[in-house]
Amino acid sequence: MWGSLKKASVFSSPEEYVEPRLSIASTVSIQEFSTEHFKIQVDAQHVSLVVKNMTGKIIWKSLQNQPFLASSLGVDEIQASENGTIKITENDDQFTRIQTITFIERIDESTIQLKGGLGAKLVLPTHMDYVFTFKEINHRQLQFWAEITHRDVSMENYKRLLMIYESRLEEQFYGFGEQFSSPSLKGQKVSIFVREPGAGRGATAATSIKDSALGMFGSYGPADITATYASIPQYITSDIRCLFMENSEYMSFDLSKPDRVTIRIESDKIKGRILDGKTMLDLITEYTSYAGRMLPLPDWVSEGVIAGIGGGEAKVRNIIQKLRENDVPIAAVWINDWTGSRTLETGKGGQYVSQWWNWEHDEGLYSDWSKFVESLNNDNKGRIRTLSYINPLLSSVENKSQFKRNLFNEAKHKNYLVQNASSFSSESKALLFKYGTNTAGLLDLTNPEACIWFKEILKEQVWKSKISGIMIDLGEQLPCDNKKVMLHSGELASSYHNHYPEAWAQLNKEVMFELNQEKEAVCSLRSAYTQSPGHTNLFWAGDQNITWDQQHGIKSAVNGMLSGGFSGLAVTHCDIGGYNTVTSMIPGFGMMRSKELLFRWMELAAFTSAFRTNEGSLPSLNAQFYTDQDTYSHFAHTAKLFTLLSVYRKSVLKEAYEKGWPVMRHPILYYPNDKTVRELTYQQFLLGNCILVAPVLNPSAGYVKVYFPKDAQNITWRHIWSGRYFPSDGSYKSVDAPLGQPAVFIKEPRGDGGVLNELLDYATTYYQQKTRPSIK
């Protein structure tokens, strides 16, 4: 940041430019001020502020002779478009360049406070007073907050704060919620704003031509490389350091310079915490004690597939019969078109299939929804549970042929929808949302009466049919324009935007608990902010393209699931096969799911927390698990792998509930000092600490390269198919991975207590049958 100041200086001559610096008054004490477990010191010799733990390890330090607080002018540009995609352009002008520390004192046993000023010039009146406070929360959490307490008149428009501090070139940063481009964001600027990522995110011209076909969805296109449904202002580094912010306003973490971190927040009051721990897993445990740990996932989820099927009762029953004929274990069916479906035009030649958001069953597709769900629950060949779908939007149903209630009109007349602050209509001030040709309103979750009303609708129209769970979508939809959006509570939309997914998750949790369904039901969220995890028992990684790429295809799903694990999204999964489908009249510009991609996605999903398929946005164009005998057979095989892990997975899930540890783990959690591990993205991951998975994520690939980190315990990794052992010697090995045999390894000596024996027996038999067909 500081390096560009002189170039961007607003002064008329170089003589007016002031080099950024930190100035410490001679009266400031340079002694270490200790809380019970942390030490804070103004280091006059190195002109910096230092925070240490009680062992003397530096866990936070400002840059030498550089301000650690700053402010700037400028109004950010936030361009909102259809489908929730938001593009943010930061604008900074006339940074403050001088920071002084004039006073440091102990307020009480756990609180240390600094005072000083920020200035744009050496002379008045370009000055602001600040207070910076540290307070020990417990032996591993040090809270900090800063605020501007006084401004000179000329500084009244300085409304944002920046916090700048030291990093190392080799320090890698993980977390920030679900990050689909890469688990480590060193070298990037990470925007913290819950939003639709867009398709083709971050792709280069050479790789995004095909993905750019999604441009026909209007402005449903790329946002930026760090745009995500689950955006969380928190990180954990390979240096065993962790920091998170408690603010909800838009902010960014600039990691683009190798020697520093710059946190930029659209507020003049900032609050956060610095965490201490011996390992990265310790830091996750400590962080999730604040953010909340996920609720227990019902055991039935591990008993089989959650088959995503739409198209009506007859189709669903026919496919269930075929699944049973092919020995596919069925835990549930997910029916997302239970409210009816329609094909929407995007205005640029594109189409997609969407539900009616009136949250009542569609009699055309499911004539007696409750009876249908009950018949599946009571099936004499084994219970099949049903999952449905909801979001906080209410569609206008004026073009729907049949409906019992018009929830959109009810909510509009009761003022339960987010309001349009610029509306002059005396009839309604509801803010209208356009999704192709679909008009809808968004539930105002700051209105207690609206929440009570909608909870009763969920109980009567969704849960009363005895479903076993819901896919809970679109928590990122609240616009952030304060001039356009008016909330019941009076809160600014720009501040509440990131809280909306937390409130949406909490509302659904309350319904689940009020109905005493917390031990039976699955509530899977797509969007999240800091404290979302404690309100649900499952996340999903959103809408991937049905492609192989890293920007928004299968590889990005792996990145997102691994990244989210650092931020408390411990129990997660993805749509098998992806979602975004595009048809095109131009050869090569469409995106339709191939059978090979579907098969490899099944293999990946077998080693996640839930095994759920999605037909995609245009089901008729995609390969499905029910396409032919080959797809049924591969589905049965991968589902078998998933269910054979149920007992082992249960022990890993227990760590998620009790410690916040992710089910799917990036190897950096165990090997933070391994340079090769730091470079790994989607290539491989650990399921718990005993299983290493290297999924096949490229087309026509018959092998993968697997890295076996050097381990002080001298462990080996047993290939589940061939029985071959690989030493943990810090080397890459090429491992065969034909269809049906993803590269999976079990750690030896075994630490699973024998619960993986069945998996090994099945894999060995399968391998022998494939390599020696005469063996039955």
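Two strands count as paired if DSSP finds at least two bridges between them.

**Figure 1. Overall fold of the protein chain in the predicted model.** The protein chain has 14 helices and 42 strands. Its C-alpha atoms fill a box of roughly 85 × 75 × 50 Å along the principal axes. A compact globule of 776 residues would have a radius of gyration near 28 Å, and the 27 Å of the protein chain agrees with this. Of the contacts between residues at least 6 apart in sequence, 70% join residues at least 24 apart.

**Figure 2. Pairing of strand 3 with strand 4.** Strands of a sheet pair through backbone hydrogen bonds, in either a parallel or an antiparallel manner. Strand 3 covers residues 38–43 and strand 4 covers residues 48–53. Six bridges join these two strands in the antiparallel sense. At one of the bridges, F38 is partnered by N53 of strand 4.

**Figure 3. Burial, surface and charge of the protein chain.** Buried residues, those under 20% relative accessible area, make up 62% of the 776 residues. The accessible surface comes to about 28,900 Å², and carbon and sulfur atoms account for 49% of that surface. The protein chain carries 81 positive and 85 negative charges, and the mean positions of the two sets are 3 Å apart.

Notes:
Residues are numbered from 1 along each chain as its sequence is written. This is a predicted model: local features need pLDDT of at least 70, side-chain atom pairs count only at pLDDT 80 or more; totals for chains, interfaces and linings use all residues. Side-chain values use heavy atoms; hydrogens and water are left out. Helices (H or I, at least four residues) and strands (E, at least two) are DSSP runs, numbered from the N terminus. The radius of gyration is taken over C-alpha atoms; the globule rule is 2.2 Å times the number of residues to the power 0.38. Buried means under 20% relative accessible area, exposed over 50%, partly exposed in between (1.4 Å probe, protein chains only). Contact means heavy atoms within 4.5 Å. Accessible areas come from the Shrake-Rupley method with a 1.4 Å probe; for residues, only the protein chains shown count as cover. Lys and Arg count as positive and Asp and Glu as negative; His and the chain ends are not counted. The place of a charge is taken as NZ of Lys, CZ of Arg, CG of Asp or CD of Glu.
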